[in-house]
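Below are some points on this structure for a reader who has not seen it before. Please keep the sequence and the model open while going through them.

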Amino acid sequence: MDTANMCTVERRGRVHLITLTGAGEHRLSPALISAIRAAVAACPGAGALVLAAEGKYFSNGFDQAWARTVPPHLHTTMSEGFRGLVADLLALPMPTVAAVTGHAAAAGCALALAHDSVVMRASRGFLYMSEVDAGIKIVDYFGELLRQKVPDAATRRDMLLRGDKMTAAEAVRRGVVDAAADGGVEDVVAAAVAAAEGLAARGWDGEVVAEIRKAMWPAVWGKVKDYGADAVAARPRL
């Protein structure tokens, strides 16, 4: 199934695999964020979800080129759309795994860490919170996400205040990602799908998984919950 020509969705066993397509940087424009959210919403009945990407990049963060072409008041459509995507992932009734197939920078790094587990390509790519280098402030929910998903204070400092680029080996050593997979893009995807399939095989109640996830990261959930698909759908229409 094709979602706005930006990502594909396929089933591999009990796993719902979303792949950001093409050889570009997978910059998170409002259009790409909407496409990912639509793909996430299209997974009822799956046992687990994996998000991967083609090419050199997993995601190189927000689409700053798009932001420079629109009035400033429209910039929130990108940030708040991404806030909604994080909410969707936290509320998803199944385990989630990010297959970090290449570089994951800024919002792309945050996107990877918004998943329950992260499998990263061993031979190529890095995690990079580039905001300090780019002179961009970090929004509130980014800060909470990094605080919860990178509990070691020194590692968090190195990522956020020093802008260190973290390889897979370093990320595994510091407990930021769960595993490093050798080989190319397909090998990383296969490793992530295998990990997700193992979680799906546990047969957990999806709603319980979602509620435990929200309880584990209450500060993050509190800042994003009003922007998720379920919250928007529940709002009364005037």
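1. Helices (H or I, at least four residues) and strands (E, at least two) are DSSP runs, numbered from the N terminus. With that convention, R68 sits in the loop between α2 (64–67) and α3.

2. On sources: this is a predicted model, in which local features need pLDDT of at least 70 and side-chain atom pairs count only at pLDDT 80 or more, while totals for chains, interfaces and linings use all residues. Residues are numbered from 1 along each chain as its sequence is written, and side-chain values use heavy atoms, with hydrogens and water left out.

3. Overall form. The protein chain has 12 helices and 11 strands. Its radius of gyration, taken over C-alpha atoms, is 17 Å, close to the 18 Å that the globule rule gives for 238 residues, so the chain is as compact as a globular protein of that length. The rule is 2.2 Å times the number of residues to the power 0.38. Along the principal axes, the C-alpha atoms fill a box of roughly 55 × 45 × 35 Å.

4. Burial and surface. Buried means under 20% relative accessible area, exposed over 50%, and partly exposed in between (1.4 Å probe, protein chains only).

5. Contacts. A contact means heavy atoms within 4.5 Å. Among contacts in the protein chain with a separation of 6 or more, 74% are between residues 24 or more positions apart.

6. Helix α6. Which residues of α6 (residues 140–149) are buried? They are Y141, F142, E144, L145, L146 and K149. The cover over these buried residues includes α3 (76–91), α4, α5 (131–134), α7 (153–160) and α11 (218–224).

7. A buried lysine. K214 is placed in helix α10 (residues 206–216). It counts as buried because its relative accessibility is 16%. Leaving out residues up to four places away in sequence, K214 touches L90, A91 and W221.

8. Positive phi values. H26 lies in the loop between β3 (15–20) and α1 (30–41), and its phi is near 55°, a positive value in a residue other than glycine. H26 is buried, with a relative accessible area of 8%. A106 also has phi near 55° and is a residue other than glycine. It is found in the loop between β7 (103–105) and α4 (107–113), and at 11% relative accessibility A106 counts as buried.

9. Charges. The protein chain has 26 positive and 26 negative side chains, and the centres of the two sets lie 4 Å apart. Lys and Arg count as positive and Asp and Glu as negative, with His and the chain ends not counted. Each charge is placed at NZ of Lys, CZ of Arg, CG of Asp or CD of Glu.

10. Salt bridges. A salt bridge is a side-chain nitrogen of Lys or Arg within 4 Å of a carboxyl oxygen of Asp or Glu. How many are found in the whole structure? The search gives 16 salt bridges. In one of them R12 pairs with E10, with the closest N and O atoms 3.3 Å apart; R12 is partly exposed at 27%, and E10 is partly exposed at 33%. E25 and R27 form another at 3.0 Å, N to O.

11. A network. R157, D158, R162, E170, R173 and R174 are linked by salt bridges. Within it, R162 and D158 meet at 3.4 Å, N to O. Is D158 buried or exposed? D158 counts as buried, at 5% relative accessibility.

12. Two loop residues. R68 is exposed, with 67% relative accessibility. R68 and H16 are 52 residues apart in sequence and 34 Å apart in space, C-alpha to C-alpha. P93, in the loop between α3 and β6 (96–100), is partly exposed at 32%. Not counting residues up to four places away in sequence, P93 touches G206, E207 and A210. P93 and D140 are 47 residues apart in sequence and 25 Å apart in space, C-alpha to C-alpha.
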